Amino acid sequence: MEKWWKERVVYQIYPRSFCDSNGDGIGDIRGIISKLDILKELGVGILWLSPVYRSPNRDNGYDISDYYSINPEFGTMADMDELIEKAAERDLKIVMDLVINHTSYQHEWFIKSRVKEEPYTDYYIWRDKPNKWTGFFGGSTWTFDEQRRQYYLHLFDEGQPDLNYNNPKVLKSVKEVMRFWLDKGVAGFRCDVINVLYKSSLKNGRPRIALRGREYFISQEGTFEVLKELKRDVLSKYDCFTVGETVMVSPEQAKKLCNSGLDMVFSFEHMDADCFFIKWLLRRFKPKRLFKALVKWQTKAPWNAVYLENHDQPRSVSRFGDDKNFHKESAKALAVLLLSLKGTPYVYQGEEIGMTNFDFESMADIRDVESTNVYAIAKKLHLSERYRWRMIRLKSRDNARTPMQWSGETNAGFSSGEPWLKVNSNYERVNFKDEYAEPDSIWNFYKRLIAFRNGSEVLKRGDFIPSYTGRDVLAFERVLGDERLGVVVNLSGGRRSAPCTGVAALSTHGRERLDGELQPYEAAIFWR
Ligand code: TEU
Ligand code: CA
């Protein structure tokens, strides 16, 4: 028997945009509870919730002001307990987002640190003078605090001050938080930007176009030590798992992170298939770049967290598929890719019904702090209005955050009130209710794929063996003992041939045999 977290499919919920139970326009925990049966029917086994803790929402919950309470917008602790219980009744495990690189500036620790109230004086990183580091959302990583008359470090928004991992008291507090949630019965954590916790120096570092200073905060020795300690003192005492979100790691560093206590990591190399190194430097998507990065990680990392979408990334069908001409086909082809690679697959809410990027027309509709910051910086750099909007349209995180499209009714059935972020106007065409009813839909294809995977030892555990990486086509095998499954994916709008023949187990085009010829965006799993 493998570990359960290697065998189950994860479903990521962005609670704010999932389902609103009380008409205030904000998704909530009772909304999630109301959808548990559908998620069970889809076949997923783990639900990862983006943060639901108390937060002033500068970064939609990734700025936590109290790790021990639920944001009232989302419900109460009693609702959360009920969610954990009702999920358990259906054998669904709940994974929490653990954001410990920083807190909110409204967290009690920070409020006390500002006035040097012990023991919080050194919970954060304070300096009399800023260095030249630049942060994830652009601009300086330092903000002056009037009360303390010093600058504090924040790798993200100024509302997200970084915790000081040179202070053992910080780690002690973090351990308490983790135990609290594990004792409640959650099954693990998705650890936000976990490889930047420890800052080994505050020297300027060499000049760079993005993330200056990173040689002192990415994957530093101190971070590995922190992880080992969390594993030893907390995680190893529970039947739980962790997936680390890791920025700029190589497979070798991923291995080291896993040896230090994480069970798997989200890497980002395949997310560069349509940009140069940073997401804002746009270039045209090329399937081969995506395939190469995936194959590299498949063959080099110990165990992958496989994903094509999350709450920070554009929608995959708009980005790697064709949401205009081959919406259904390309969404299905991407599903085959996601669910047949080796590792734990992560489906992001809406991906299973082929939700697309937003159709907003101006910044007035944008809510994401990263988008507004970057847009302002690009303006200062005198980039044209047109190019700036293109950047936002293609890459804004709000693309993935528009409300879940449950039906063709008002507000896509997400809420009876005005949603916090505009619904995509394609909801009458793209929605769960219709997808559920239509046997040949994307949702039903996901359901069949997940069921197939859940019942297939070779897909869950088999080796990954690449067999063909073309410009538009990827083919590989999964092998366990003498069982062999072939997988082929065409990510182009043209007919392609590929070295694949066999009997189809699952095909995007309802095919029974593979004969080496593929239709646009055709993909299949087949027996060799
Ligand atoms: O994201 C970390 C991270 O690397 C992102 O900032 C990434 O660079 C960006 O989103 C790409 O557009 C995590 C969370 O997933 C994100 O939602 C948070 O904003 C961030 O950490 C800060 O907590
Ligand atoms: Ca609500």
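**Exercise 1.** How many Å separate an oxygen atom of ligand 1 from an N or O atom in the side chain of His102?

*Solution.* First, some ground rules: this is a predicted model, where local features need pLDDT of at least 70, side-chain atom pairs count only at pLDDT 80 or more, and totals for chains, interfaces and linings use all residues. Residues are numbered from 1 along each chain as its sequence is written, chains are lettered from A and ligands numbered from 1 in the order written, and side-chain values use heavy atoms, with hydrogens and water left out.

Now the distance: for His102 it's 3.0 Å. For Lys279, the side-chain N or O is 2.4 Å from an oxygen of ligand 1.

**Exercise 2.** Work out which residue class each member of the shell around ligand 1 belongs to.

*Solution.* Sort the shell and you get 6 nonpolar, 3 polar and 9 charged residues. Here Ala, Val, Leu, Ile, Met, Phe, Trp, Tyr, Cys and Pro count as nonpolar, Asp, Glu, Lys and Arg as charged, and the others, Gly among them, as polar.

**Exercise 3.** Find what coordinates the calcium ion (ligand 2).

*Solution.* Start by listing donors (N, O and S atoms within 2.8 Å of the metal, 3.2 Å for Na, K and Ca). You'll get Asp20 (OD), Asn22 (OD1), Asp24 (OD), Ile26 (O) and Asp28 (OD), at 2.2 to 2.3 Å. Then read off their spacing along the chain: D-x1-N-x1-D-x1-I-x1-D.

Notes. A polar contact is a pair of N or O atoms within 3.5 Å; within protein, one must be able to donate a hydrogen and the other to accept it, and residues adjacent in sequence count only if both atoms are side-chain atoms.
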